[in-house]
Amino acid sequence: MAHGVSDDDRSFIEDAQGIHVIPYIYLGAKHMVTGYDHLLFLVGVIFFLYRLRDVASYVTLFAVGHSTTLLLGVLADIRADAYIIDAIIGLSVVYKALDNLGAFKTWLGFQPNTKAAVLIFGFFHGFGLATKLQELSLSPDGLLANLVSFNVGVEIGQFMALCLILIAMNLWRTTRSFNRSVLLANGALMAAGLTLVGYQLAGYVTQPA
């Protein structure tokens, strides 16, 4: 459902001929602000980021990752099973929750490169959307311009969602409950990610042959 396309949006996309910049920007923004898997990952990414420069750095890496595979996946017709990709997206949420809790340093004895991880998982987030777009009958007329417009919309939606998340996080950080709730909050993120993984793997196993 996080990458779902409504019936009205599906009808518009499949019937559209030529370039439609504004509608595709709207669809991209709508996808991001309703894509709870993206938002959960973003919450995990910025959980311990206090400086705007650091937030911008990580979010830019994520944007580069998902923009690359969104465009390349559709234009080059690179295909993969949507359930598997979405399961990996769920794992990205689990990874970030564990990372925030310092689990990898405890288990592995070292801290994986967090920026590289955000970029790599960004590739999967973008590919997840590409797999959904590939299920639609996209017109080749104006395809590149429409995809770029859609991606611009995704970035606008991400910026809007990020602003709200940052406001909420900064307000929460000023309270005494923040430090006491780190384990609980990241545990909830992990549980949400594992739920997404389980749901997608169940869909993969039960999908028609």
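Predicted model: local features only at pLDDT ≥ 70, side-chain atom pairs only at ≥ 80, totals over all residues.
Let me start with helix 9, whose buried residues are Phe178, Ser181, Val182, Ala185, Asn186, Leu189, Met190, Gly193, Leu196, Val197, Gln200 and Gly203.

Where do the buried residues of helix 9 pack? They lie against helix 3, which covers 36-46, against helix 5, which covers 82-100, and against helix 8, which covers 143-173.

Now to the geometry of helix 9, which takes in residues 177-206. With 30 residues at 1.5 Å a residue, the helix should span 44 Å, and because its end C-alpha atoms are 42 Å apart, the model agrees with that expectation. Please note as well that helix 9 bends by about 40° at Leu183.

Stepping back to the whole chain, the secondary structure of the protein amounts to nine helices and zero strands, so that, read from the N terminus on, the elements run α-α-α-α-α-α-α-α-α. The radius of gyration is 18 Å, close to the 17 Å that the globule rule gives for 209 residues, and the protein is therefore as compact as a globular protein of that length. Along the principal axes, its C-alpha atoms fill a box of roughly 55 × 40 × 25 Å.

Turning to contacts and surface, if we take the contacts between residues at least 6 apart in sequence, 84% of them join residues at least 24 apart. Of the 209 residues, 46% count as buried, while the protein exposes about 10,700 Å², with carbon and sulfur atoms supplying 68% of that area.

Conventions:
Residues numbered from 1 in each chain as written. Heavy atoms only, no water. Helix = DSSP H or I, 4+ residues; strand = E, 2+ residues; numbered from the N terminus. Expected span 1.5 Å × (residues − 1). Bend = angle between axes of the 7 residues up to and from the residue. Buried < 20%, exposed > 50% of the residue type's maximum accessible area, 1.4 Å probe, protein only. Contact = heavy atoms within 4.5 Å. Rg over C-alpha atoms; globule rule 2.2 N^0.38 Å. Areas by Shrake-Rupley, 256 points an atom, 1.4 Å probe, with all protein chains shown as cover.
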